[in-house]
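The questions below ask how each term applies here.

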Amino acid sequence: DKPYTAAFAEQVKRDLQPRTPICLDRDSATMPRPNVLFVLVESLSMHHSQLFGGMRNLTPHLDSIAQQYTYIPNFYANGFTTDGGMISLITGRAPIPAIGRYQSTEAFKGFDKPETALPETLHRAGYDVDFFTTGDLAFLGQLQWMRDLRFDHFEGAENPFYNGMKRWTFNAAEDKELYRRFLQWMDQRDSDKPWFSMLVTVSTHPPFVNPETGKPDEPGVFAYADKQIGMLFDELNKRHFFDNGILLISGDHRSMTPLFAAEQAKFGDSAMARVPMVIATKLPIQHGALPGPFQQTDLVPSLDNLLN
């Protein structure tokens with residue numbers, strides 16, 4: 001809650017060694033305009049996955065999609081909360097909190113300038129940009145943030161689709177219903193413009209209550225979430241989404257649970273920052289594990305390079 005000193009700022013400038021961007025050769029005139037679906041899974045971590053972490057086997061559907069298509073084994077969350085993950089992915093900026101952030105609920109203060117954020121970046125490429133969650137958009141001021149950043153469509157727990165459904169943390173319906181709602185929206189959409197949609201799940205938020213049993217059960221709720229990811233993948237496949245569409249699945253941050261000893265041994269100091277990243281498409285991209293480190297803040301410049 002104190003501002004950085006001028007001496008610290010100068011030290012950062014001296015020590016910073018920027019990476020050379022990795023760019024793909026492409027002909028922008030012939031590039032497809034793929035629809036892009038980003039599923040941000042609450043608390044999804046390396047230790048849940050046999051493929052990514054090797055500690056538990058709670059995500060067989062996610063692992064199967066990754067092995068069939070593309071995945072990033074060295075992917076980093078830039079924050080340790082959902083708002084930090086959203087700020088990183090949507091604004092392309094590290095979520096260094098404003099002074100007083102943890103004495104207030106102004107989670108998105110200072111990250112509300114639309115010019116370089118995801119919606120306006122993709123608007124320049126002719127895209128609609130949409131946001132879906134089952135959680136309460138009033139929490140931490142998300143609703144105003146969506147307006148400030150000029151999302152074309154955004155919705156949460158208030159959507160009539162969820163009327164009469166059982167609610168859980170943050171007044172949220174379960175993940176299965178979020179995916180059913182998105183599929184309904186996609187099926188009913190009548191615009192020819194390409195779209196980018198972000199889905200933010202809630203079911204795997206602490207205290208990890210499994211909607212199928214109503215009981216706290218971390219392994220069970222992540223197995224449930226994985227099953228719903230498998231359902232969404234199958235439904236997208238039926239709709240031939242992957243012919244000209246990209247599905248990205250990742251975690252917003254590592255789960256707020258103690259580190260496993262094996263996790264610490266495997267990943268070292270970065271263990272608390274790692275989350276899975278899966279990319280599924282039939283478009284011509286490299287399959288298998290992509291080498292090198294990537295992070296959440298790479299999404300906006302990567303899409304900007306690909307589409308603009």
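Q: Which residue in E6 is the bridge partner of Phe131?
A: The bridge partner of Phe131 in E6 is Met198. The model is predicted, so local features need pLDDT of at least 70 and side-chain atom pairs count only at pLDDT 80 or more, while totals for chains, interfaces and linings use all residues. Residues are numbered from 1 along each chain as its sequence is written, and side-chain values use heavy atoms, with hydrogens and water left out.

Q: What makes E4 and E6 paired strands?
A: Strands (E, at least two residues) are DSSP runs, as are helices (H or I, at least four), numbered from the N terminus. Two strands pair if DSSP finds at least two bridges between them. E4 and strand E6 (residues 195–200) run parallel and are joined by six bridges, so they pair.

Q: How many bridges join E4 to strand E5?
A: Three bridges join E4 to E5 (residues 153–155), and these strands run parallel. Phe131 stands opposite Phe154 in E5.

Q: Why is strand E4 called largely enclosed?
A: Buried means under 20% relative accessible area, exposed over 50%, and partly exposed in between, with a 1.4 Å probe and protein chains only. Six of the six residues of E4 (residues 128–133) are buried, so the rest of the structure largely encloses this strand. Asp128, Asp130 and Phe132 point one way, and Val129, Phe131 and Thr133 the other.

Q: Why is Thr59 called buried?
A: Thr59 has a relative accessible area of 2%, and the cut-off is under 20%, so the term applies. Thr59 lies in the loop between strand E1 (35–41) and helix H2 (60–68). Beyond residues up to four places away in sequence, Thr59 touches Leu44, His48, Ser49 and Asp226, where contact means heavy atoms within 4.5 Å.

Q: What makes a set of residues a nonpolar core?
A: Such a core is a set of buried Ala, Val, Leu, Ile, Met, Phe, Trp, Tyr and Cys residues joined through side-chain atoms within 4.5 Å. In soluble globular proteins, nonpolar side chains tend to be buried together. Of the 40 residues in the largest nonpolar core, Phe38, Trp145 and Phe196 touch the most other members. A second, separate core has 35 residues, including Ala173, Phe242, Leu247 and Ala280.

Q: Which residues does Phe38 touch?
A: Not counting residues up to four places away in sequence, Phe38 touches Leu89, Phe196, Ser197, Met198, Leu199, Leu248, Ser250, Met277 and Leu299.
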